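Colleague: I have the coordinates open at last. Could you walk me through what you see?

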Amino acid sequence: MIRNNSGGEIMNRIIIVIMTVVMLFAFVACSKGAAESAAEVKNTKTAQPVASVPAAATPSTGTVDSEYDPNVKVEFETQTNADRRVVTIGTIDKSRYIAPILVTSFGQSTDAAMLDTVMKRVGVDYTYNPAVGADGVAGYKTIVIAVGASTKGLGAAGISEADETARAKAIMKEVEANGLEVICCHIGGSSRRGALSDVFTDMVLSQSSCIVLKEDANFDGKFTDYAKAHNLPISLIFATKDTVQVFTEIFK
Amino acid sequence: MNKTYIKNIIVILIALVFAVPASIDFLSMHAQEQIADNPHVSDVRMLSYYSPGLKGTASDTELFILDSGKPGGTLLVLGGTHPNESAGMISAISLVENLKVNQGRVIVIPWTNKSGFTHTSPLDGMLDKFDITLADGCTRTFRIGNRLTNPVDQWPDRSFYKGTSGRKLVGTENAEIRNVNRMYYGKADGVLTEKVCYGIFDLIQSEDVNLVMDMHEGSPEFLYLDCTMVNWKQDNSTAMSIASSMALSMQLDGLDMRAEYSGKSSYGLSHRSLGDNTSAMMTLMETYNPSMGPLHGKMDEDLIVNGNEPNYLQAHRDGYVYFDVPENGYPLIQRVARHVTCISYLCQAFSEENPDKAIVLEGIGTYDEIVVKGLEGLLKPVK
């Protein structure tokens with residue numbers, strides 16, 4: 001019995017020593033592994049997308065997550081970049097866009113609130129009503145529509161997709177009947193592309209005389225193709241803030 | 001003395017050699033950051049003033065009041081809602097130390113979840129503290145806590161809990177019962193974290209707060225970085241107008257920023273539940289914190305203060321991270337400057353739309369000025 005106990009005690013001690021050594025190795029291995037892993041990542045180079053240069057503008061190449069399939073990366077050429085922030089294709093006839101001006105939203109995204117801010121900065125007299133009904137359109141000469149659906153915005157405003165679509169349809173009917181000039185503004189970028197957003201966009205494009213577009217939303221050429229096919233002027237902007245420059249040119 | 005006793009005593013002494021310094025180090029997390037004097041701070045109160053149930057608990061926290069004495073609006077700034085999001089606390093402290101309010105009133109809470117500052121996230125390999133050496137050579141130490149209340153102060157996490165907002169905490173969300181930003185609008189006699197939330201809710205009501213900014217940070221995987229969440233109100237939709245104006249101003253300064261509405265189901269979060277239940281305009285801003293995501297490498301002061309995280313830069317280049325991870329890191333000072341600039345532009349926009357409730361700030365400078373100053377110039381020496 002005594003021999004057995006001593007043997008057990010020795011075994012326990014050996015196990016403790018082995019476990020301590022294993023833990024020490026584990027700590028050392030972990031820290032070394034992390035350092036190596038970081039170094040490995042730091043030293044890895046990835047191929048950068050190569051831009052092709054069209055004659056008309058200084059291009060850059062962008063990649064976006066298409067909302068249609070987030071796993072599909074869409075590579076496309078852009079005409080705007082950090083140095084060339086606004087590219088207008090065609091000529092915008094600013095004399096068409098006269099007061100009174102209405103600014104509204106199709107899709108209740110925050111882009112309409114941004115347009116509201118932009119109009120204030122530019123110093124334009126206008127009315128902002130993101131949820132205006134068809135009966136509120138009469139009397140205006142120009143309507144600026146921020147297109148782009150936001151489920152958060154619709155939810156916050158307590159408006160269903162069906163109601164918003166019906167409102168948009170009714171407004172466009174009134175716009176046509178009253179002969180308003182329409183500026184289609186898609187300034188939320190690629191995150192404002194999607195099935196519902198495109199429904200609103202198509203509705204507005206059909207009666208627009210001018211398009212303002214944050215260019216990363218044009219990854220499939222939807223807007224530039226439409227503008228080309230219908231001979232519409234289109235202002236491509238690099239970032240939302242560049243709307244200030246475009247609106248200053250249109251309204252001032 | 002029996003040999004066995006001697007052996008036991010030796011083992012205990014050896015254990016104490018390790019345990020005592022570890023305990024001292026752990027308890028040092030209770031040592032709160034000092035704040036430099038600012039003659040423009042008119043009053044310092046404890047949150048228990050508004051939520052008496054907090055009195056004597058580890059979650060009772062200071063609020064600093066900077067009152068211009070000139071009638072205007074009231075801004076409430078929350079830092080340290082999540083103690084591991086360092087830019088929130090540092091921004092709040094920098095406001096307390098530098099701000100002069102020329103009209104209206106500003107109330108700042110640097111350690112909103114004070115209990116959360118007393119423990120870390122050990123399994124995330126988080127650092128517990130970091131130092132900033134100031135221009136005069138002295139050093140200030142800041143804690144990096146855990147996003148949740150310390151379980152020593154609030155335990156156990158119930159297997160099911162329904163907060164006052166209606167948010168149901170169940171399954172993997174159990175621990176969120178200790179998350180200040182899930183338990184709004186709080187409960188005076190609820191669990192400790194709810195008492196904190198109730199204190200802030202009551203403070204907003206009692207002090208007639210008009211505008212609230214809750215400062216946060218997120219890991220690079222988070223979709224709402226460089227973004228301000230805004231509550232939508234049926235009777236007062238101007239919060240988005242103010243936030244959009246702020247976002248445009250920041251964009252014109254070359255800083256990415258956008259404003260988004262609160263999520264429909266963001267129950268219990270400050271911007272949603274305080275917005276729904278008070279008259280204040282609620283905003284919550286997020287900056288990118290490279291130390292917070294699961295890909296972060298070695299946790300050291302370089303990562304915390306200089307924001308260098310090559311793993312995330314690589315992940316972004318490979319298309320796995322949406323956020324445009326800066327090539328040269330995202331230093332703490334830039335994140336602090338972003339928060340402070342956001343607050344400054346929010347107040348400007350608010351004052352333009354509500355001239356009778358204007359909140360006019362001085363002493364914090366522009367984004368570029370703050371970055372040039374650096375943390376060493378922005379933070380003041382403490383006595």
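**Strands, helix and core**

Modeller: B:Val44 stands opposite B:Phe64 in strand 2 of chain B, where strands are DSSP runs of E of at least two residues and helices are runs of H or I of at least four, numbered from the N terminus. This is a predicted model, in which local features need pLDDT of at least 70 and side-chain atom pairs count only at pLDDT 80 or more, while totals for chains, interfaces and linings use all residues. Residues are numbered from 1 along each chain as its sequence is written, and chains are lettered from A and ligands numbered from 1 in the order in which they are written.

Colleague: And which residue is the bridge partner of B:Phe64 in strand 5 of chain B?

Modeller: That partner is B:Val108. Strand 2 (residues 62-67) of chain B pairs in the antiparallel sense with strand 1 (residues 43-46) over 4 bridges, and strand 2 also pairs in the antiparallel sense with strand 5 (residues 105-109), again over 4 bridges; pairing here requires that DSSP finds at least two bridges between the strands.

Colleague: Switching to chain A, why is helix 2 called largely enclosed?

Modeller: Helix 2 (residues 111-122) of chain A is largely enclosed by the rest of the structure because 9 of its 12 residues are buried, and a residue is buried if 20 or more other C-beta atoms, placed from the backbone, lie within 10 Å of its own, exposed if 12 or fewer, and partly exposed in between.

Colleague: What covers those buried residues?

Modeller: The cover includes strands 4, 5, 6 and 7 and helix 7 of chain A, together with helix 4 (238-252) of chain B. Just after helix 2 of chain A, A:Gly123 takes a positive phi of about 85 degrees.

Colleague: Is A:Val86 buried or partly exposed?

Modeller: A:Val86, which lies in strand 3 (residues 86-89) of chain A, counts as partly exposed because it has 19 C-beta neighbours inside 10 Å. The C-alpha atoms of A:Val86 and A:Ile237 are separated by 4.6 Å, although these residues are 151 residues apart along the chain.

Colleague: How many residues are in the largest nonpolar core?

Modeller: That core has 144 residues, and those with the most contacts inside it include A:Ile145, B:Val108 and B:Leu346; a nonpolar core is a set of buried Ala, Val, Leu, Ile, Met, Phe, Trp, Tyr and Cys residues joined through C-beta atoms within 7 Å. Its largest share, 12 residues, comes from helix 8 (residues 332-353) of chain B.

Terms used
The expected span of a helix is 1.5 Å times one less than its number of residues. Two residues are in contact if their C-beta atoms, placed from the backbone, lie within 7 Å.
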